[in-house]
Structures are given as structure tokens and as C-alpha cells.
Amino acid sequence: MEDDAAESMAREEVARISEALAARVEELEAERALTLLLARTDGLTGLLNRGAFTAALIDRLEAAQGSGERLALFVIDLDRFKHLNDSLGHHAGDQLLNEIGRRLKSGAKSGDLVCRLGGDEFAVIASGDQVARRAAALTQLLSQGHTIYGRTVSPGASIGVAVYPDDATDAVDLQRYADMALYRAKSAGGRRWSAFDTDLRLAGEARHSLEAELRRAIPAGEIVPWYQPVVDAADSRIVAVEVLARWNHPEKGLLAPGVFVPLAEELGLIGDLDAAIFASACQTTAPWVAQGLIDIVSCNVSPRELLDPGFSRDLLRRLKATDLPATALTVEITETFLVQDLGLARRHIERLASKGVRIALDDFGTGYSNLRALLQLPIHTVKLDQSLIGDVGRDPRVSKLVRAMLNAAKSLDARIVAEGVEDEAQALFLRAAGCDRMQGYLFARPMPAGEVEALIRQQAADLGPRAEPVEAAPVTALRARR
């Protein structure tokens, strides 16, 4: 009897333990399933996330290879989403992203996969039939207004589409081509869709080729400095040069910076490019400065370089390796950089200015017209953008604005350089308004070193030696004025 009771108890204990283990296994499996779901899901919209999208796209393409199905990839980017975030806050932005996700899910057809790639980017993997009709429907769906905090917002969306196997046969190329189509839609103003086509394919191939050529061209010395003269407003005598870049391409001929500088920035090559141009320009122009032919050599700096905390130290090190004195160098920075990181800008500018390097605020008047920067930073020169110069002397409103800007900069002891001067009427107005220096096609176009040297030496021979230049004092900090 006792043995039977003990055996019964043992069986009950085993059963209890088995049930507990089964329950725990089930619990762990549920937790694992939830973990896998969360790993594949965007936390805000509940859509598939980027990682799950990539895996799903590969799977769908593999299945399509066997079935012969055509697949379309729609890549979606909201228009003016940053403006919404800035004006109404990130919580409002999240509400809109949720709404966009809801609309995409509600508009999905059987077999569609809807994903949020991150930020304000979404994607839909769908059948490759009736692509144009589907793209137009998505564009219309995402352009409808939505009320947030009592305010109706309608940012709209740009859509790029690529089709398997018409455009690409693998996931990487299909997504790349859809992105190219998306970029074209956004460049055309947004609120529209664009499909990958032969033009984009040719452009992509040309870009890929240019990338490879650019990587080779920088160390090969094919990209060289050109120089645009800057003249004294009083007598039109050349007193400075601005350094610009030109690519002596072995097949395409001379290429302007707009062709390759943005590409260099995107590829992370802008530092190498600027360093090569800087070293060559400093060595070339140092004798011109030493002989009194000019007094300033002005170099532009990429905003990406300025965001490097070591930029100013590195520039001073590179300058020291040349024969150009620090006092003859002007570094041109843009207003947008000051807005991006005023603290870092201050450190760079003050370090350079302490060694005698002059600082110019480029494109003044096109963006924020940051007078605070003129008050707080040692800015020596303000360069009025050419977009302001075109109508001076013709449009009374533009003339008043430019005159006011000249007066503001002069009151802070900054030198004024006007860019883009193309006719005598502009020059006459700027002289009368108190502009110090000018540059533009009226005086000289950008040219290679040999031509500009010949020009300034001929000028010296015709006009005699130049008087010792009187440099503008740096704008002092507001606190120092007090």
C-alpha cells in the first residue's frame, strides 16, 4: 500500500513538472515570437522595418524568379516633412507618420508588403502590373489633408518606382533604381511619382563612371586651382584672387566644380580634394603676394569640412607647409554653417584669426544674413551674393536693400566684396554705395594660374607698384565693444 501511494505521488509530481515545463516552453516560444515580431516591426507605425523589408524583398524576388511574376518596388518620401517637425514639433510629425502608415496599409492589395524604411521614408512591394495606375493612386492617397492640433497639413509625397525584371534582377539594384526615380520626382518639385527608365539608367552609368574617375583624378592632379581676380572698387585694380577648382578631364575636357564637387562631398572625398587645391594654390600664389602683386588669396571651404572639429588645426598645419603667409589667406565660410553649429564655428574662426588668417562670410544675403555672427565673431569680410547684385541700380527696392546691407557691414568694420558684377551700371552703384571690392565677369572670368599671373604682372607694368594695402580690421565681438 505504501509503495503504491509513493508511486502515485511520484507520477503526480512528474505530471506537475511536465505541465510546468510545457507551460514554460510555451511561454518562451511566445516571448521568442514576440521578440522576432518586434525585431521586424517599426515601433511607431507597426509596419515592417528596414531589416524586414530587405529580407522580404529578397524572398519575393527569389519567388518571382521561379514563377515569372513581375514585381514593383515603390519607394516613398514625404515632402516638407522637416518643415512640419520644425513648426509643430516631433509629436505632430509622429502623428503624421502614423497616419501615412495607416493609409498605406488601408490601400494595400492582396500580396502587398508595406514597410517603413526609417524617418519619413516608406516602401511598398507590389505586383508589377498596372504600375502607373498604382503609383498615381498612391500619390493621390498621400496628398490628402490630415488634421493635427486643429491644423490641416498636407505635405504630399514623392514616389520612385522600379520593376523586376524589367529594370533590375536583384534587390540591391532594384532599390537603387527606385531611389534614383524618387530623387527625380523630388527634384521636379515633389507631389508626383517617377519611374526608372533609360535616361536614369544612362545617368546612373555615367555617375558610376564619374565616381571611379574622380577617385583617380584627385591623386593624379587632374583637378587644379583656377583663379578669379578681385578688384579694388575705387580703381578696378586687381588686389586679390579667389581660388576655384577645375577638372582637366582627359576625355570630357574642362569640368566646372558643379559637376564634381557635390559628388566629392557625397563620396567623402571633399577633404582630399580641398587639401590638394589648397596646397597647390598657396604655393602658386605665394610669390605674387611676396612681390606685392596681390594682397589676398581667398579659398572656399566645404561645410562638411567645417563640421570636423580638427579642421582649423589641420588647415593651419597645411598652410605652414607652404610659403603663403597666414595674413594673406582668407577662408570663406557660408552662413548656413554658422546656423548649423555656431559654437564649433566660433572655435574654428577664432583659432584661424588668432594666427592672422582672415575670415569671409560668403553668400551674404542669400540665407539668414546672420548679423549676430558679425557682432560675435572675428569676421573680416562680407561677400554679397551675386543674386543680390543683378538688379542693383535698376530695382529701387533691391538697391535700398543692398545699400542697407553695405552700411550694416561697414558699421562693423567689415570689408565688403560684391560678387557677380557683370556690367558697368552695377559697378557704378556699388562704388557710390561704398563697396570696397568687386569681382565678376565685368572685370575677369576665372582663369588658370598662368593667365592670371600674366594679367596681374601686366597690370603692375602699366600702373606701377601698388601702394601698401590697408587691411580691414576684424569685426570685434559685441562683448569687447561693451
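Visitor: Which charged end sits over the ring of Y441?

Guide: The charged end of R445 does, 3.9 Å from the ring centre. A charge sits over a ring if NZ of Lys or CZ of Arg is within 6 Å of the ring centre and within 35 degrees of the ring normal. The charged end of R318 likewise sits over the ring of F278, 5.1 Å from its centre. Bear in mind that this is a predicted model: local features need pLDDT of at least 70, side-chain atom pairs count only at pLDDT 80 or more, and totals for chains, interfaces and linings use all residues. Residues are numbered from 1 along each chain as its sequence is written, and side-chain values use heavy atoms, leaving out hydrogens and water.

Visitor: How is a pair of aromatic rings described?

Guide: By the distance of the centres and the angle of the planes. Rings of Phe, Tyr and Trp (its six-membered ring) pair if their centres lie within 6.5 Å; planes under 30 degrees apart are stacked, over 60 edge-to-face, the rest tilted. The count here is three aromatic pairs. One of them is Y177 with F196, stacked at 4.1 Å centre to centre, with 10° between the planes.

Visitor: Where in the chain are Y177 and F196?

Guide: Y177 is in helix α6 (residues 171–187), and F196 is in the loop between β7 (193–195) and α7 (198–220). Helices (H or I, at least four residues) and strands (E, at least two) are DSSP runs, numbered from the N terminus.

Visitor: Is F196 buried or exposed?

Guide: Buried, because its relative accessibility is 6%. Buried means under 20% relative accessible area, exposed over 50%, partly exposed in between (1.4 Å probe, protein chains only).
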